[in-house]
Amino acid sequence: MRVNRIAPLLLLSACSFACSFAPAPSLPEPVAEMPGDFSAKLVAGEYEPLEWWRAFADPVLDTVVDSVLASNFDLAEAVARVRQARARARIARAAFFPTVGASGAINDIDSPTNAGIGAQIQALGLGGVAGDSTLGFVLPERFELTTYTISADLAYELDFWGRARNDARAAGAEYLASESDFQAARIGILAETITTYFDIVSLRRQTALTRETVDVLLEREALASTRYDRGLIDSWTLYQVRQDLRNTQAGLPQLETQLISAEARLAVLLGGYRADMEAILPDDLAPAQAADPVPAGIPADLLYQRPDVRAAGQRLDAARYNVGARRAELLPSLSLSGSIGLASAEADGLFNVNQWFTNLTTNLLAPIFQGGRLRNNVELAQGHFEEAASSYGRTVVTAVSEVETTLAGLANEDRRHAFLVSQREEAQASLDLQSQRYEAGVVGYTDYLDALRTLLNVEAALAGASRDLALARLAVHRALGGAWMSPGPLAEPRMVPASGEARTRGGDK
């Protein structure tokens, strides 16, 4: 008899793993029809994203990056969000298992006979009042009953339509998306760190060159004033020299402000203060120019390399499973509940195995009318699914476009940098020639100062071009995505307990 009752339940439980109402996996049209190659491509080959900034051969940059990865607060926030998503996924998986609890109770009843069940017995004529034995037994004046019970209680809902399974899969996909979000956040922090570092390198160089240019123009202005006093030049020429000096001097405070701002940004990225930044950033910064080519691979690689693309795809899966879960809520649910334990009227007999009892209940609940809530939940989930599909398609299209744009930008910045390197060589050659001619008495000192000023201006432009070339290379690596780092455990946020604050740790349940 018991086997015959349990067999249908086992069959329903087995069938529950075969039923699902989630939409079939599908890809937006732009994703399914990705191009086979990038329109702008520097070199063929497989993209290797790990620690590419080491190509600059700058130990200071390596130290800065390592420090930011260990102490940045934005990354600590991202780690916390990953933990939250992981906990939500585990909570969703808990619906696969029955809930089991233990209970113990003492039920003590003390009531008059003429109330409650005693009054009902008397109304039916099944017992006499106190002192009356007409029916063969006499009811007491009061009912007194004590029952001791201990039991194990369980409840389980059969996932016949796949609601719990789809909810768990949706939560799992959201967890994977949160891990991809963490990778995207890390790439963003790395990109901001490297950008800020090269800003500091460029601004320090430009500030130093501007100060040298001011010194040259001051000397040039003094010579022009002397020549004006002697009547060798007119006032227009003198005013022009002074105007160049004032323009250059006016640009120096702006450069100094930009440098202070960049150094402050780096301190925030390091999760500390200016002293922390100064401790790892020496005065002399000289990164080499990375010249090795960047193999971009093929567009389809972006689906795996770029964390934002992965996150969008994982959220598309989550939305798909959510549709299946909401559809399953339209159908009847079957749940089991029961308990097994010991009961006795005497405390001493509570642990007598002959006092066992069982209780098993099967509930079938079908939704009939809820004001359209369940169907609108399905419509809402379907809308989220369509939104996620559009977002995924847009993310993929944007990723391919960014790679093509940054590859072209890197090529153009490389050409610009090469032109300025050639211009610097020519300016240096011109300065050397003017120096020789001045020493030979062929030209005046003013001509030498003009050549020196030209070289300083070209050096300043080249410093900016070197920064732009490094950032163009950064943009390519960021557009291609990838880990950028060897895989490893998530960094723990640095926390210091508040003074006098008690800390407790609860058990894991």
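Is Tyr438 buried, partly exposed or exposed? Tyr438 is partly exposed, at a relative accessible area of 37%, where buried means under 20% relative accessible area, exposed over 50%, and partly exposed in between (1.4 Å probe, protein chains only).

1. Basis of the note. This is a predicted model, in which local features need pLDDT of at least 70 and side-chain atom pairs count only at pLDDT 80 or more, while totals for chains, interfaces and linings use all residues. Residues are numbered from 1 along each chain as its sequence is written, and side-chain values use heavy atoms, with hydrogens and water left out.

2. Overall composition. The protein chain has 12 helices and four strands; helices (H or I, at least four residues) and strands (E, at least two) are DSSP runs, numbered from the N terminus. Of its 509 residues, 36% count as buried. Among contacts between residues at least 6 apart in sequence, 84% join residues at least 24 apart, contact being defined as heavy atoms within 4.5 Å.

3. Packing of α3 on α6. Helix α3 (residues 59–71) packs with helix α6 (residues 163–229) at an angle of about 140°, the axes being 10 Å apart. Axes are lines fitted to C-alpha atoms, for helices over the stretch in contact, and angles run from 0 to 180 degrees between N-to-C directions. The crossing of α3 and α6 is right-handed; a crossing is left-handed if the near helix is turned anticlockwise from the far one by less than a right angle, and right-handed if clockwise.

4. Residues of that contact. From α3, Val60, Leu61, Val64, Val65, Val68 and Leu69 meet Arg186, Ile189, Leu190, Thr193, Ile194, Tyr197 and Phe198 in α6. By class, the contact of α3 with α6 has 11 nonpolar, one polar and one charged residues. Here Ala, Val, Leu, Ile, Met, Phe, Trp, Tyr, Cys and Pro count as nonpolar, Asp, Glu, Lys and Arg as charged, and the others, Gly among them, as polar.

5. Nonpolar cores. A nonpolar core is a set of buried Ala, Val, Leu, Ile, Met, Phe, Trp, Tyr and Cys residues joined through side-chain atoms within 4.5 Å. The largest has 74 residues, of which Trp53, Ile194, Tyr197, Leu281 and Trp484 touch the most other members. At least two residues of this core come from each of several helices, including α4 (73–93), α7 (235–269), α11 (373–439) and α12 (445–480). Helix α6 supplies the largest share, 14 residues. Another core, of 10 residues, lies apart from it and includes Ala427, Leu431, Leu455 and Leu456.

6. Aromatic pairs. The whole structure contains eight aromatic pairs. Rings of Phe, Tyr and Trp (its six-membered ring) pair if their centres lie within 6.5 Å; planes under 30 degrees apart count as stacked, over 60 as edge-to-face and the rest as tilted. The pair of Tyr438 and Tyr445 is tilted because the ring planes stand at 50°, with the centres 5.3 Å apart. Tyr445 is partly exposed, at 24% relative accessibility. Elsewhere, Trp52, Phe56, Tyr197 and Phe198 form one aromatic cluster.

7. Helix α10. Tyr321 is located in helix α10 and is buried, with a relative accessible area of 16%. Tyr321 touches Ala22, Asn166, Arg169 and Ala170, not counting residues up to four places away in sequence. The C-alpha atoms of Tyr321 and Ala171 are 9.0 Å apart, although 150 residues separate the two in sequence. Arg310, also in helix α10, is partly exposed at 23%. The C-alpha atoms of Arg310 and Ala177, 133 residues apart along the chain, are separated by 7.1 Å.

8. Loop residues. Ala57, in the loop between α2 (29–32) and α3, has a positive phi of about 50° although it is not a glycine. Ala57 counts as exposed, at 57% relative accessibility. Gln289 lies in the loop between α8 (274–280) and α9 and is partly exposed, at 32%. Neighbours within four places in sequence aside, Gln289 is in contact with Phe56, His417, Ser466, Leu469 and Ala470.

9. Strand β3. Ser339 is placed in strand β3 (residues 333–344) and counts as buried, at 14% relative accessibility. Not counting residues up to four places away in sequence, Ser339 touches Ala152, Asp153, Phe357, Thr358 and Asn359.
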